[in-house]
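Please open the model in your viewer and keep the selection panel at hand.

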Amino acid sequence: MSTVLINGIGSALGAQVARQLSAHDGVTVLGLARCEPSAPVGCAEWLVAHLSGLQLIELLRAEHVDTLIHLDFAGADAPAEGREAAVQQNVLGTMEVLGACIAAGVSHVVVRSHVGIYGANPKNPIMLSESRPAARGGLSGLLRDLAEVEHFLAEFTVRHPEISVAILRFAPIVGGWSPLLEYFAQPSPRTLIGFDPSMQLLHIDDAANAIVLAALSPCAGAFNLAADDAVCISQAIRLSGQQPVPTIEALIGLSASMGDRTKLRPWPFDISFLRHSCVVDTRRAKDVLGWSPTHSAVDSIHSARKNGRAIDDPATSEAAMRAFLSRKG
Amino acid sequence: MSESIEIEVGGQSADLTAPPAEVAAPKPQRTSRAKQATEPTLEVEATAKRRARKPRAAARVEDVDVRVVQPRAAAPTEDADVRVAGKAAPKVPPAAAYWDVHPGDSLHEVELEVRNNASQQQGQAAVMGNVAAGLIALIGENMRRMTEEQVGKVRELLSGTDLSDYLDSSFWQGVGMVLQYQVQEQVDFVKRRLRGEYHVDPYGMDYEMIEVVRPFMAFMYRTWWRITSHGLEHVPAEGRAMLVSNHSGVLPWDGAMITTAVSADHPVRPDRVVRSLHLHWFSTLPFVAPALAATGQVPGLPENAVRLLENDELVCVFPEGLKGVGKLYKDRYKLARFGRGGFVQAALRARAPIIPVAVVGAEEIYPMLYNAESFAKLMGFPYFPLTPFFPWLGLLGTIPLPTRWSITFCPPISTEEYGPRAADDPLTVLSLAERVRDTIQATIDTRLAERTSIF
């Protein structure tokens, strides 16, 4: 019998984790969100609130929570409101949550992270393993916050051996909102001329599976999670139905600093990720968690492209109608 | 002496062209004598193997037959007689039915014939014949990848052309038409690429792109540098191995040619891709970086080498690194220092055998007379070569000289008995590195002594 609290149940990922956990017997699922969940959450009970550290301790103690899943990061599942608020929520928020967990006697914590924290550097080997430390510079936005969180966690787990912290480093998640998908789908996304690094992606189902596995097993340490195949950035953009526009770096930098936000949507990552690949090794997750991806990167882009888009292809329409008509026979 | 060779070859030919109907035509006295040759002789196969990508025994052995029986000086008419006799039935070029089975292979035979003819010519005609043979090979390579429908189209285009007569203007017209047609065929391919429908591995390798550059590389391999590969049987058909080669020639053509040697001439697995490790500085260069990644080359970091070996890949390393490619012409064929033995550590960690590879001929493709170091530093290059042609002739100066090469794959050095702990023992690592270096230097010296001219 265990009680799991999902911090950040409001996002698509949080809701899916709640649904999958609800299916397990003997698991009580609780949720905490800053906004109402956007998707069904199974039989989870949830509250919408922004709790301070002390209030969080009270909640954890009263509900006898023994496992906490921390997914609540600004800029990961919805556009961040502002840089200051994002740092407050991402870095200080995580520190508060972990402090509360220690005080309330929570034994197991699962924190989400991102493979981008390794940075994109030609001196990084291609299949990065978890032992590689997070980059100390050259990151901005959400990735910078996550790298800071990782540095904090590295210290924290040494000081508090009584709590087991699993860090899940996800490749960019496909499904729901993400800055990368925004970038892929915008008209003529800019890439860096003469470079086309490979990248990994992760379907939201596989991400949710990994969180559930990590929450239900007493594992600790970092895990890389990504689909088995890789795609080139230009290939990913083409699969999303756009054509990449190769641009020289100075122009990208200029348009970003000119602040033409209406035209240029939020940049998904640092420019260095357009130049060098950041590909990780997922062996540890497979061996320790028993996790294995069910969707390839190419499939997940295809499904993301179909999502919420009107069908204009006559062949697909025909097939759909035939399938519908034959449902009774 | 020549008599005995003839017997063996004749016996071989009779053995391999198994259906007796085909062999019926050759001279009777030869078949009777052939009974003496009991076992297939390896020498014949060794010569024949070089040109053969697919096992078309009859054509191959027939080719050897002609070459051995007829010394170079023989009159061409007599030569033709022998050839027809050996082959027993078909006249090669315009026989349209022949195209149905393996168009690439029948073209391969035409190519051999043209090359054979050319080798008996003098001067310009010989050069032209070689180029013609190269072009036919290029078409053949491409046709291996075509669908049946496309092959039919090409056959139609070539129908009026006698391919073996390269001195005829209609030959060049035909070849031109086929090449143009191929450009059109590529449009579909490009359209599919533009939709993103292709596959890359995590290192960025794109097998389709390798297929695209393969004919060009094969042209450089066979026609431009006329490379002879020795000891390809030492390259395993399955499982991991680390190829360690000397590095030379300003631009890393030698790596590309080692890859091509395996893909063109490997007796069992011509589809094996050699993953060369390059200096990670190349990954910072626009256009170069994605091209290297697409053709399966990987930044030279020890972790990458171990990882690839653990995936049972063929990995090729150049321990000399920049000191090798940026070598001056006067220092040619003197191996530079072999790094700090990092390649041996990687091989020991992955328990992969080390295969020393000696490349001779690449040193002369860009004779680097002077290294403009201060300019290189200014531009952020590792070196800036001044050759008799570069930078004076601009882009033309980057065309490599057509020297004649040889690539020798030495017998593998096993690392099994050392155990993975040995990777942390500097003495073992350095002595193994030295052993590999000595093997390569000795092989280079042997090949240099055999060589009569650099062209």
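The model is predicted. Begin by selecting residues 164-170 of chain A, which form strand β7(A), together with β12(A): the two strands pair in the parallel sense over five bridges. Within this pairing, display A166(A); its bridge partner in β12(A) is G221(A).

Seven strands of chain A form an open sheet with parallel pairing, in the order β3-β2-β1-β4-β5-β7-β12. Which strands lie at the edges? They are β3 (45-48) and β12 (221-225) of chain A, each of which pairs on one side only. Viewed across the sheet, the twist averages 20° from one strand to the next.

Select residues 12-22 of chain A for helix α1(A), which lies across β1 (2-7), β2 (27-33) and β4 (67-70) of chain A. Helix α1(A) runs at about 165° to β2(A). Then select residues 141-159 of chain A: this is helix α4(A), lying across β5 (108-114) and β7 of chain A. Its direction is at about 145° to β5(A).

Finally, display chain B and turn to the interface. Here 20 residues of chain A are in contact with 22 residues of chain B. On the side of chain A that touches chain B, select β13 (231-232) and α7 (233-239) of chain A, each of which supplies at least two residues. The largest share, three residues, comes from α7(A). Coloured by residue class, this side of chain A divides into twelve nonpolar, five polar and three charged residues.

Methods
Residues numbered from 1 in each chain as written. Chains lettered and ligands numbered in written order. Predicted model: local features only at pLDDT ≥ 70, side-chain atom pairs only at ≥ 80, totals over all residues. Pairing = 2+ DSSP bridges. Helix = DSSP H or I, 4+ residues; strand = E, 2+ residues; numbered from the N terminus. Axes fitted to C-alpha atoms, helices over the stretch in contact; angles between N-to-C directions. Contact = placed C-beta atoms within 7 Å. Nonpolar A, V, L, I, M, F, W, Y, C, P; charged D, E, K, R; others polar.
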